[in-house]
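I opened this structure today to look up a few things. My notes follow in the order I took them.

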Amino acid sequence: MMIRSPLRSFGLVFGQFASLGAIAFTGPLVPSSPLLLGLLAAGLALGLWALLTMRLHRLSVLPDPLPRVELVRAGPYRVIRHPMYASLLLAALAWVLASPALWRWGLWLLLLAVLVAKLSYEERMLSASIPSYREYQQRSWRLVPLVW
């Protein structure tokens with residue numbers, strides 16, 4: 001069984017919220033472009049769908065599985081193992097594109113790196129906690145359907 005690392009878990013969550021907050025609060029929260037507004041809405045809709053499917057009693061911002069973890073395979077989780085992370089990346093991408101600057105792109109890449117590290121750690125923990133998780137990994141995409 002993999003050993004939990006609270007320092008790593010909290011560090012990843014801090015990095016996620018710090019980079020997402022820096023992106024969100026340094027540009028317009030509501031893009032003026034209809035295309036970017038659609039991208040933001042798609043990200044928010046995916047996140048809401050994932051939350052409704054996951055149910056709040058199973059939700060944790062930490063990548064460590066809860067004590068009585070259950071594998072969710074419904075809703076967006078049928079296709080993507082981390083739809084909430086995908087939704088954050090879509091929404092943040094809309095915000096960056098609404099007010100593009102090199103440093104904001106750097107923040108988006110930082111968010112991507114943090115979320116990839118977080119989902120990798122989370123998947124190792126889930127593989128150790130749920131026997132059927134490896135099979136689920138074989139038939140689902142990590143973050144982007146048909147890509148990865």
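Where does Asp64 lie? I looked it up in what is a predicted model. Asp64 sits in the loop between helix H2 (34–54) and helix H3 (83–98).

Entry: I checked its burial and charge next. Asp64 is buried, yet it has no salt bridge. Arg4 is the nearest side chain of opposite charge, 4.2 Å away. I did find a polar contact of 3.0 Å between the side chains of Asp64 and Tyr121. Setting aside neighbours within four places in sequence, I listed Arg4, Ser9, Tyr121 and Met125 as the contacts of Asp64.

**Entry: helix H3.** I then turned to H3. This helix has 16 residues. Its span from first C-alpha to last is 23 Å, close to the 22 Å expected. Its buried residues include Tyr85, Leu89, Trp95 and Val96. Which helices do the buried residues of H3 pack against? I noted helix H1 (6–24), H2 and H4.

**Entry: aromatic pairs.** I searched the whole structure and got two aromatic pairs. One of them joins Trp105 and Trp108, edge-to-face. Their centres are 6.4 Å apart, with 75° between the planes. Both residues lie in helix H4 (residues 102–129), three residues apart, about one turn of the helix. Is Trp108 buried or exposed? Trp108 counts as buried, because its relative accessibility is 14%. Trp105 is partly exposed, with a relative accessible area of 31%.

Technical notes
Residues are numbered from 1 along each chain as its sequence is written. This is a predicted model: local features need pLDDT of at least 70, side-chain atom pairs count only at pLDDT 80 or more; totals for chains, interfaces and linings use all residues. Side-chain values use heavy atoms; hydrogens and water are left out. Rings of Phe, Tyr and Trp (its six-membered ring) pair if their centres lie within 6.5 Å; planes under 30 degrees apart count as stacked, over 60 as edge-to-face and the rest as tilted. Helices (H or I, at least four residues) and strands (E, at least two) are DSSP runs, numbered from the N terminus. Buried means under 20% relative accessible area, exposed over 50%, partly exposed in between (1.4 Å probe, protein chains only). Lys and Arg count as positive and Asp and Glu as negative; His and the chain ends are not counted. A salt bridge is a side-chain nitrogen of Lys or Arg within 4 Å of a carboxyl oxygen of Asp or Glu. A polar contact is a pair of N or O atoms within 3.5 Å; within protein, one must be able to donate a hydrogen and the other to accept it, and residues adjacent in sequence count only if both atoms are side-chain atoms. Contact means heavy atoms within 4.5 Å. The expected span of a helix is 1.5 Å times one less than its number of residues.
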